[in-house]
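Dear colleague,

I am handing over a structure for you to look at, and my notes on it follow below. Please read them with the model open beside you.

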Amino acid sequence: MNTFFVQNKLNPSVPEVILDADSGKCVISGNSYMEDSREFYQAIIEWITTYVQEKKGVLEWEFKLGYYNSSSRKSLAHVINLLGKYHLSGGQVAINWYYHADDLDMLEDVEDFISSSQLEITPLLYPANQQETMFFKRKVSKNHLV
C-alpha cells in the first residue's frame, strides 16, 4: 500500500492531499471546487477502502479546507461516512476539521457530518493570524483594500 499524494500549487480549485499509508495521518487542505469532484475524491475513497482492508490501523485526519462547492461537499460526506463505517467496525479514527470563525456554514456542515457518520469530529478554529487557503487570502486582501 502506497502513500497517496496530490500537490497542486497551480490550480486553486483542487486541494492538496496527503494520505500516509505508514502513519495513517491524512490531510486534505486548500479549496475544493473542481469541475468533477466525484472523480477526484474517488481515488481517496479507494485509498481508504484499501487501507481499512490491508492496514487496519489508526487513521488521523485533518481537513483544512477554506472553501468547497456543493459537489465537493457530497464527496466529502462520502469520505466521512466511509470513515464512520470503519470506526463502527472497530477501527480507530480521529478527525480534526479546521474552519474560519466567520464560516458558520462550514461549521454546520461539520455538525451534519458528525450526525450522519456517528464519528467524533473536532471542529477547530484556525488561529487568527493563519490564512490557510488561497481563497481566504484573497478574501482578506480584498477586505484590506476596501
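Read along the sequence, the elements follow the pattern β-β-β-α-β-α-β-α-β-α, which amounts to 4 helices and 6 strands, where helices (H or I, at least four residues) and strands (E, at least two) are DSSP runs numbered from the N terminus. This is a predicted model, in which local features need pLDDT of at least 70 and side-chain atom pairs count only at pLDDT 80 or more, while totals for chains, interfaces and linings use all residues. Residues are numbered from 1 along each chain as its sequence is written, and side-chain values use heavy atoms, with hydrogens and water left out.

Of the 146 residues, 42% count as buried, meaning under 20% relative accessible area, with exposed being over 50% and partly exposed in between (1.4 Å probe, protein chains only). Among contacts (heavy atoms within 4.5 Å) between residues at least 6 apart in sequence, 66% join residues at least 24 apart.

Strand 5 (residues 93-99) and strand 6 (residues 121-125) run parallel and are joined by 5 bridges, two strands being paired if DSSP finds at least two bridges between them. Within this pairing, W97 stands opposite P123 of strand 6. Together with helix 3 (residues 104-117), the two strands make a right-handed β-α-β unit; right-handed here means that, with the strands pointing away from the viewer, the path from the first strand over the helix to the second runs clockwise.

A search of the whole structure finds 8 aromatic pairs, for which rings of Phe, Tyr and Trp (its six-membered ring) must have centres within 6.5 Å, with planes under 30 degrees apart counted as stacked, over 60 as edge-to-face and the rest as tilted. One of them is the stacked pair of W61 and F63, at 5.4 Å centre to centre and 15° between the planes, and both of these residues are buried. Y68 and W97 have ring centres 6.4 Å apart and planes at 75°, so this pair is edge-to-face; it links distant parts of the chain, since Y68 lies in strand 4 (residues 59-68) and W97 in strand 5, 29 residues apart. Both Y68 and W97 are buried. Ring pairs link W61, F63, Y68, W97 and F113 into a cluster.

E60, also in strand 4, is partly exposed, with a relative accessible area of 36%. The C-alpha atoms of E60 and A94 are separated by 4.8 Å, although the two residues are 34 apart along the chain.

Best regards
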